[in-house]
Amino acid sequence: SKREGFSSIPNVKWEDVGGLGDIRDEFDLYIISRIKYPDDYQKFGVNLETGILLYGPPGCGKTMIAKAAANEAGANFIHVKGPELLNKYVGESELAVRTLFSRARTCSPCIIFFDEVDALTTMRGKEGGWVVERLLNQLLIEPEVMDPAVLRPGRFGKLIHVPLPSSEDRGLILKALAKGKPIDPSVDLAAIGQMEACKNFSGADLRKLMEEAAMTALKEAKRQRHLNETSGTITATQNEPSVNITATH
Ligand code: ATP
């Protein structure tokens, strides 16, 4: 069982993530293999930055990838929203960061996922920006990054762009989302991904599409059941409701 604020190994698997194959490879090299085979990395004397900055439009899988990586590495996962660590009282933001990292160390290997970092960076330089500055400095001290310049735009250890999915990736995401659901075999998810109507859809949009299709199927199943129940001559079918996305549009 999972309690809020406690770390655990996420249950997101790579096969739940549609597309993003290149990013998966980078995560494998920079994080997963490093946790699983630390000796190899030691041998080669590789001392990489420990942080990866994921950037891109919302709902395209940043959180999912990080969770899948933790799952694959057998690592614990702590999800924090950057602004949550802010506290205007002197020393409190630093303390929050130190507490976070010491918690992560006690459940090592552990991946800390900082969300909403963009909210922090836009607060920098504004009134009260010093709180953010101190928070970021403490953050750098914790992963033993000694050159604060890494937090200047473009200087962060490893930058990975998570883009809107291509038309082909949309099909892969739909397939990943469809896993385990009773979908009519005649439904061509790859073809739906290619549809103009899905242009610029994020993964989160595709998930919404699947949910709406499921609701339509459930409504249809309910209507069928109602028909069956009200007609004494027809027996209820035992069929599972099946999703047919093409029929909803
Ligand atoms: P935000 O920037 O808003 O936090 P994010 O990039 O972290 O967004 P996620 O939280 O990973 O996005 O994605 C939101 C939801 O959209 C996921 O829970 C999943 O259902 C779906 N989704 C997004 N991308 C993918 C993908 N590549 N494969 C499968 N599902 C996806």
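Visitor: Which side chain meets D16 in a salt bridge?
Guide: This is a predicted model. In it, the side chain of K179 pairs with that of D16, at 3.0 Å from N to O.
Visitor: Where do D16 and K179 lie?
Guide: D16 belongs to the segment before α1, whereas K179 sits in the loop between α7 (167-178) and α8 (189-194), so their pairing ties together parts 163 residues apart in sequence. D16 is partly exposed at 23% relative accessibility, and K179 is partly exposed at 44%.
Visitor: How many salt bridges does the count come to?
Guide: The count is 5. Among them is E211 with R207, whose closest N and O atoms are 3.2 Å apart. Both residues lie in helix α9 (residues 203-230), 4 residues apart, about one turn of the helix. Another pair is K43 and D40, at 3.9 Å, both in helix α2 (residues 38-43).
Visitor: Turning to cysteines, how many disulfides does the structure hold?
Guide: It holds 0 disulfides. The sulfur of C107 has that of C110 as its nearest cysteine sulfur, 3.8 Å away, which is too far for a bond. A disulfide would require the two sulfur atoms to be within 2.5 Å.
Visitor: Is C107 buried or exposed?
Guide: C107 is buried, with a relative accessible area of 14%.
Visitor: And which residues gather in the patch of negative charge?
Guide: D22, D25, D28 and E72 form that patch on the surface. Helix α1 (residues 21-36) gives the most to it, with 3 residues. D28, found in helix α1, is partly exposed at 33% relative accessibility.

Key
Residues numbered from 1 in each chain as written. Predicted model: local features only at pLDDT ≥ 70, side-chain atom pairs only at ≥ 80, totals over all residues. Heavy atoms only, no water. Patch = residues over 30% accessible without salt bridge, like charges linked within 9 Å, V, L, I, M, F, W, Y side chains within 5 Å. Areas by Shrake-Rupley, 256 points an atom, 1.4 Å probe, with all protein chains shown as cover. Salt bridge = Lys/Arg side-chain N within 4 Å of Asp/Glu carboxyl O. Lys, Arg positive; Asp, Glu negative; His and termini not counted. Charge placed at Lys NZ, Arg CZ, Asp CG, Glu CD. Helix = DSSP H or I, 4+ residues; strand = E, 2+ residues; numbered from the N terminus. Buried < 20%, exposed > 50% of the residue type's maximum accessible area, 1.4 Å probe, protein only.
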